[in-house]
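Have a look at the sequence and the model, then read on.

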Amino acid sequence: MFGFIWQLCLLILGLIPLLIWWYVRNVKRPGGGVAFHTDLAFFQSLKSPRFAKRRDIPVVLFGLALASSMVAFARPTAPLPMLDNRTTIMLALDVSGSMRNTDIAPSRFVAAQEAARAFVKQLPSDLQLGLVTFAGSAAVNVAPGTDRKAVFDAIDSLYMFRGTAIGAGIRESLGALPGRSLEPSKQKLDPNAPRAIIVLMTDGRNNREPDPLEMAEIAKQNGVPVYTIGLGTQSEANNSNPYAGFDPETLISIARSTGGKYFEAKSAGQLDQVFRSLGSSLGWVMRPGEITHLVATLAGLLLLCSIVFSETNRRVI
């Protein structure tokens, strides 16, 4: 929302109507002198509307420059993207056996590792980052912190297990976040708690307890948005195996209910693009910031345009 630090300075804008009145009054005042000149066509052109418009343009630009400089004195503010160093991000990766599938070259597992590394590189170094992996169960591989090497090492040393416990992945991620609780009596969000986000990637359907939608509700109560990524072609979901392919409906519900977003990646390139986009956007918040320098620059440009236009249209008699 736009605002001003020194609002009383805006009172000087009241001078603008007076200046407009003074200018109009003097432009319409009849001349009191006599001039002799052989170029009658030139004097005739002075009465044309086109000349009047060209005469007024520098004045209008000067008036806008003056108004902009007055606004700059009031020190205007506007919502600006700013890095929130207190933000904690938990990256939850699916390491189930289906990640061996090669519908995404060279394999889902390798593509996920490479995309996760790109995600970590895109994040600002001051943000807290942790890593959770899940298959039949879930575990915290790296607790939230700024040690990026620990996260890279953990990503490089991942290996696969059987099962897909999406709900457990959310639960372990929540448990590792500061200021959050899995106990119903403590799920009232502390307004001073640091901002927290979960980024969850899976290529399968949940087949273990707890229910991922129940965990999503707990995440919502804790004020933690969950960004979900479905990996794979989904074509396997039509086979006899009911757990083949990821479950877009569940992933969409998790994201919507918690205030996150849902993405699909059907190739290594799409997965890398999704992770890079999230890495460059998460951790930034919109906060009021001073834009005096921008308004002052605008005032200077308008003044320069006014001078240039006045000089290029001036004709000396």
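**Cavity and pocket at a glance**

The largest cavity has a volume of about 50 Å³. Keep in mind that this is a predicted model. With a cut-off of 30 Å³ or more, the count comes to one cavity. There's also an open space to look at: the second largest pocket, with about 320 Å³.

**The largest cavity**

- Which residues line the largest cavity? They are Leu-93, Asp-94, Val-95, Met-99, Phe-109, Ala-112, Gln-113, Leu-158 and Met-201.
- Of the elements, α4 gives the most to the lining of the largest cavity, with three residues.
- Sorted by class, the lining of the largest cavity has seven nonpolar residues, plus one polar and one charged.

**The second largest pocket**

- If you want to find the second largest pocket, look for its lining: Ile-16, Leu-19, Ile-20, Trp-22, Tyr-23, Val-24, Pro-58, Val-59, Val-60, Phe-62, Gly-63 and Leu-66.
- Helices α1 (15–28) and α3 (49–73) each bring at least two residues to the lining of the second largest pocket.

Technical notes
Residues numbered from 1 in each chain as written. Predicted model: local features only at pLDDT ≥ 70, side-chain atom pairs only at ≥ 80, totals over all residues. Heavy atoms only, no water. 1 Å grid on protein atoms, 1.4 Å probe; cavity = no way out; pocket = protein on both sides within 12 Å on 5 of 7 lines; lining within 4 Å. Points joined across faces, edges and corners; volume = space filled by probe spheres on them. Helix = DSSP H or I, 4+ residues; strand = E, 2+ residues; numbered from the N terminus. Nonpolar A, V, L, I, M, F, W, Y, C, P; charged D, E, K, R; others polar.
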